[in-house]
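Below are some notes for a colleague who is meeting this model for the first time. They are set out as numbered points, to be read with the structure open.

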Amino acid sequence: MHALVQGIILGVLTAGVYALMASGQSLIFGVMRVVNMAQGAMVILGAYLSYQLFASLGIDPFLALPITTAVMFGVGVGVQLLFLRPLRDDDRSQLSVLATFAVALLIEGVMTVIWNTTDRSIDTGYANASWTVFGYEITLVRLWAFLLSLVALGLLYLILNRTRFGRAVRASVQNPESARLLGVEADRVAALGYGLGTATAAAAGAVYGMLYPFNPGSHYDLISRLLSIVLLGGLGSIGGAVVGALVISVSSAVVAAAVSPIWSQMTFFVVLLLVLVIRPRGLFGTTVRGGL
Amino acid sequence: MSKHNRLWHRSLTATVAALLAVGCASGGGSNGGGSTGPLVIGASVSLTGDFSDSGKAVQHGYQLWANMVNASGGILGRQIRLDIVDDASSPTQVVTNYQNLINKDHVDLTFGPFSTLLTIPASQVAKRYGYAFLAPAGGGPAVFQPNLHNFFFVQPAPTVQSGDVLVKYLLSLPADQRPTTAAYAELDDPFSAPLAEEIRQKLEAAGVRTVYKQVYPSETMDLSPIMGAIAALHPDLIVGGTQNEDSYNQVKSLVQLKYSPKFLFQSNGANSPLEFPDQVGAANTEGIMAPADWYPGSKATGSAAFTAAYIKAYGGTAQSVDDSSAEAYAVGQVLSEVANKTHKIDNDTIISTLHSGTWPTLLGNLSWSANGAPNGEFNLVQWQGGKLLPVYPPSIAQAKPEAPKPNWGG
Amino acid sequence: MSARRALGPARAIVFFGVLTALPSFDLAHWAMNMLVFTLMFAVMSSAWNLLGGFAGYPSLGHVAFFGIGAYTEVLWFAHHPITSGYEPFWLLPLIGIGVGLVGLPIAALAMRTRADVFAIVTITLLFVVQTLAFNLRGLTGGAQGASIAAAPFPAATYERPFYYVLTVLLAFAMGLTWLGMRSKVGLSLAAVRADEDKAAGIGVRVQAVKLLAFCVSVGLTGMVGAVWAYYEGFIYPQFAVDPLITVAIVLMTFLGGRATLWGPVIGAFILELAQQYLAYSLGGSKFYLIAYALVFLVVIVLLPRGIVPSIADRLRQRRRRRVVDAR
């Protein structure tokens, strides 16, 4: 029982991090109808940026966020302009899956050149601190990570609901045609939307780097999870991404604690398949055919 | 569909021409034949992909040996030339690479790649063409199954048995100091879990009670649930069948959980002299044990010369030498000794000679069974005062084993 | 017109004639070895094309079936002897049918989704199969891997049996594609790709044709997996179910041209030969992955429809121009 509750606590805390990564992924899908295979690599890139700023300049990963977020936003816009905008319209959904996968490989290659394949981790002074609450261990860094994820998600929510840009984004998510008629510049929104989605990888990467060791190849593990989460929540729905992250993290943490860690990965996928059989559009999705 | 025939014909013709050209070229160019030309040794190592860091360490070891041999006049008067290619950690590429090395570049000898996962397909190719195959890494149990006569694993013992030294040490302790309970956290890969299982079976037979055992897959990023369950049971001994990342994670989790067992052994990761203290914090390393074949300050044959050459070439200190480089270097040492003993250097001689006798290397004295499995034993090393020191067996120990392990933070 | 119609078969005869004759030129082992791997990918790309190209269902999970084929082969011969060395090849048709049947319920489930959602579901499938290969230790050997006895073929002609079997498989895959393109099934698939709902509306048996495409496609892939396992001699979960194999297949098909007969084959010959050879001769460079990704991106951005359709377009334009000039 103790292990089970501990598992649930861990699952909820981890869910925050995944929700943050997945919200960026979902946003990109919503704006561009692009399944972004590069989001995992972006998160790892974010982790390396935080790592480098911490290792060479001693800037705490939390304090470095404005810098890393700005850089990641720039990377996102650049990728969109260079590789995604030129894609032909009639085939965009299939081609963009491949193009973003190639971008992921490209980023992996660049990271390998700069940082080698050695495992890195961001080891702040408080990384190993923990509290015991009613007999359950809660590590400080996990709690911080969880809170940061909530703050970042909140900011994202504000941007989408309280700014002009956010309204333009939401308009094009809901109905691209009428958005265009209302004077929303689709190209600009797409570039900025991709940038914003990528920018969430800065915060997610900082948190990820404090929790787990990472290397340039770590994005393969991440991307399948992220895709499962957004698919579960429903493509294009940020609220859905949060719920998807929660369902998947908690269920796999519980399986790891109650059954065995070797089956916990599988939980992800079984939950996902079950949901898709019952409801092919995901829990909160608005569209069946992703790449219409 | 049928309107682009001309291009199609042209590309087909070009492809065929290219293939034929390539095929013919291979018939001609040979560089290995003469006994006065350079001795060309081919090896495929992982310079990119999952195993690339260790792959590079292996390459360093080969290169250091070749440089030293060449500086002293070569083998039987022949200079060594290494032909090292990259397999990108892929089993398909490794087959292509050894095919190419043997049949296209006509190398005289082959050395092995880095991982067990690549060693098997590669050693089969070498066997087909009668090449001796000396592998410095990748000694999982499956490697010895095919009973290849040409295969030699150049380490003191098969990887699965590298934890046996821990069992010997623990059983050498007076009964009241031995652990009575043990927990096992094992990574699901070809060596780590089997290695820990071997320790478990031997310790259970000796009366050490197993209170917990868990196998976890390599993608497990979070080991805190497992370590939490272990900490709650308060075992005297924790055995980690670990690789790298998971070794650091296990220790970090235990530190966070504030549980320090009397004995903590990790099959890998903890024996990495630079990365381990960097990842878990130097103060937390004290008392942690690991197996090792080579260790800084080893007195084995050629170790001092190797260490000096390594530091000269790649900088750092003896503590920062990668043991994968030492293992690769040992492959070269074995080859040099075969040449010294038989005054010949060809695959048949190497294969027939190495199946008998013992061969002194910087990893200690090596000898092999018929299937290429080495017959020796690993050493036990322990972190003491921020350094990895050999502590068991007593014949090579540079310090007394520290037991029980002190609390976290030194 | 009739001359042009005869070109298709003529082309096929030349192509397979050359393939059949190549080994008798005493190609070096290393060249044969690269051709073996290239043929594997040519068969798999052709198979993928049936589903991803013609039916418009971009599967990213085909390697799951590659893995099932590989494990079936290895596990079967863990209990049955290999004497002549040809037994593993005789098992191939059974493996093809078996893998196709395993694919049937999976297809029925996965094909409830479409386009990119289908792509993600099939990725998921890939990880499920890989996890099973790791975890069903009693059956698969788990992370320890599983071995199959080395083929007792003489070293001098060791690769030939593998080569010829793969040539037959390629002929089979391309033959099926060719038949499909000329039959009602092909027409139905094109309708599914264009607009599945509308196709169903006008009475196309959507469910039947797309399931058929899926099963045939994965059955072929499973057979290649079996040959691969026998050739390598040893398999591990992470190599038998390697996402990068899927990526390579898809890239080859895209490079050559989706929904064409020759596109996937041309893509496979270009990419696999180039990759094996370049990795061997230039590998070790840290920039390898970057170069690979850039080539990938250039193909997608500049040649989105692949080599065969792009060239066909250009030729058609030139011919039209000539007609105009002649006027």
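**Notes on the model**

1. The largest nonpolar core has 347 residues, and those that touch the most other members are A:A102, C:M40, C:V43, C:L166 and C:V227. A nonpolar core here is a set of buried Ala, Val, Leu, Ile, Met, Phe, Trp, Tyr and Cys residues joined through C-beta atoms within 7 Å. Helix α2 (residues 29-54) of chain C gives the most to this core, 18 residues. Helices (H or I, at least four residues) and strands (E, at least two) are DSSP runs, numbered from the N terminus.

2. This is a predicted model: local features need pLDDT of at least 70, and side-chain atom pairs count only at pLDDT 80 or more, while totals for chains, interfaces and linings use all residues. Residues are numbered from 1 along each chain as its sequence is written, and chains are lettered from A and ligands numbered from 1 in the order in which they are written.

3. What does C:V43 touch, leaving aside its neighbours within four places in sequence? C:V43 is in contact with C:L166, C:L169, C:L170, C:A173, C:L220 and C:V224. Two residues are in contact if their C-beta atoms, placed from the backbone, lie within 7 Å.

4. Chain A holds 11 helices and two strands, in the sequence pattern α-α-α-α-β-β-α-α-α-α-α-α-α. The radius of gyration of chain A is 19 Å, close to the 19 Å that the globule rule gives for 292 residues, so chain A is as compact as a globular protein of that length. The radius is taken over C-alpha atoms, and the globule rule is 2.2 Å times the number of residues to the power 0.38. The C-alpha trace of chain A spans about 60 × 50 × 35 Å along its principal axes.

5. Of the 292 residues in chain A, 61% are buried. A residue is buried if 20 or more other C-beta atoms lie within 10 Å of its own, exposed if 12 or fewer, and partly exposed in between, with C-beta atoms placed from the backbone. Among contacts in chain A between residues at least 6 apart in sequence, 78% join residues at least 24 apart.

6. Chain B has an open, parallel sheet of five strands in the order β2-β1-β3-β4-β5. Its edge strands, β2 (80-86) and β5 (151-153), each pair on one side only. Strands pair if DSSP finds at least two bridges between them. Strands β1 (residues 39-45) and β3 (residues 109-111) of chain B pair in the parallel sense over three bridges, and B:A43 stands opposite B:F111 in β3(B).

7. In strand β10 (residues 289-292) of chain B, B:M289 and B:P291 point one way and B:A290 and B:A292 the other way, and all are buried. Four bridges join β10(B) to the antiparallel strand β13 (residues 379-384) of chain B. In this pair B:P291 stands opposite B:L380.

8. Where chains A and B touch, chain B gives 27 residues and chain A gives 25. On the chain B side, elements that each supply at least two residues include α2 (52-71) and β7 (209-216).

9. Is B:A206 buried or exposed? B:A206 counts as exposed because it has 11 C-beta neighbours inside 10 Å. B:A206 is found in the loop between α6 (192-205) and β7 of chain B.
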